[in-house]
Amino acid sequence: VQLQASGGGLVQPGGSLRLSCTASRSIFSINVMGWYRQAPGTQRELVAISTRWGDINYVDSVKGRFTIARDNAKNTVLLQMNSLKTEDTAVYYCNAQDLGQNYWGQGTLVTVSS
């Protein structure tokens with residue numbers, strides 16, 4: 001599976017961005033799709049995941065602000081990010097986990113700054 005992420009950019013604190021991850025094939029049967037992020041000098045961390053069975057989980061720091069959603073018709077996973085904070089600044093990576101394989105997109109930079 002090839003993943004293409006887009007939607008990053010520069011936004012002021014309190015603003016919103018929507019990230020999009022498009023897969024090279026149908027995501028309907030992909031077990032887990034999610035978003036991770038990595039800030040400079042830190043390890044990559046899970047942001048949000050969505051399973052094919054409808055389970056959704058978020059890291060505590062984004063609960064109530066971020067929303068992950070699958071669009072199976074478009075083979076796309078979206079991450080709506082609201083009320084952005086400076087600490088959300090990172091490179092965001094799309095991820096797919098399927099049949100024991102782990103797939104990554106190229107990353108998209110989100111910068112939250114005034």
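Analyst: Let me begin with a term: residues are in contact when heavy atoms of theirs lie within 4.5 Å. With neighbours up to four places away in sequence left out, S16 touches V11, Q80, M81, N82, S83 and L84.

User: Before we go on, what kind of model is it, and how are residues numbered?

Analyst: It is a predicted model, in which local features need pLDDT of at least 70 and side-chain atom pairs count only at pLDDT 80 or more, while totals for chains, interfaces and linings use all residues. Numbering runs from 1 along each chain as its sequence is written, and side-chain values use heavy atoms, with hydrogens and water left out.

User: Back to S16, where is its place?

Analyst: S16 is in the loop between β2 (9-11) and β3, where strands are DSSP runs of E with at least two residues, numbered from the N terminus. The side chains of S16 and N82 are joined by a polar contact of 2.9 Å. That term means a pair of N or O atoms within 3.5 Å; within protein, one must be able to donate a hydrogen and the other to accept it, and residues adjacent in sequence count only if both atoms are side-chain atoms.

User: Is S16 buried, partly exposed or exposed?

Analyst: S16 counts as partly exposed, at 41% relative accessibility. Buried means under 20% relative accessible area, exposed means over 50%, and partly exposed lies in between, using a 1.4 Å probe and protein chains only.

User: Now the sheets: what is the strand order in the open sheet of 4 strands?

Analyst: The order is β1-β3-β8-β7, and the pairing is antiparallel. Because β1 (3-6) and β7 (66-71) stand at the edges with a single partner strand each, one side of each has no neighbour in the sheet. From one strand to the next, the twist averages 15 degrees, with axes taken as lines fitted to C-alpha atoms and angles running from 0 to 180 degrees between N-to-C directions.

User: What does pairing mean here, and how many bridges are there between β3 and β8?

Analyst: Two strands pair if DSSP finds at least two bridges between them. Strand β3 (residues 17-23) and strand β8 (residues 76-81) are antiparallel, with 6 bridges, and β1 is joined to β3 by 4 bridges, also antiparallel. Within these pairings, Q4 stands opposite T22 in β3, and T22 stands opposite T76 in β8. On β1 itself, L3 and A5 make up a covered face, whereas Q4 and S6 make up an uncovered one.

User: Which residues is T76 in contact with?

Analyst: Setting aside neighbours within four places in sequence, T76 contacts S20, C21, T22, I27, A69, R70 and D71.

User: Where does the charged end of R44 sit?

Analyst: The charged end of R44 sits over the ring of Y93, 3.7 Å from its centre, and R44 also lies over the face of W104, at 4.6 Å from the ring centre. The rule asks for NZ of Lys or CZ of Arg within 6 Å of the ring centre and within 35 degrees of the ring normal.

User: Last one: why is β5 largely enclosed?

Analyst: Strand β5 (residues 45-51) is largely enclosed by the rest of the structure because 5 of its 7 residues are buried. β5 pairs with β4 in the antiparallel sense over 6 bridges, and 3 bridges join β5 to strand β6 (residues 56-58), again antiparallel.
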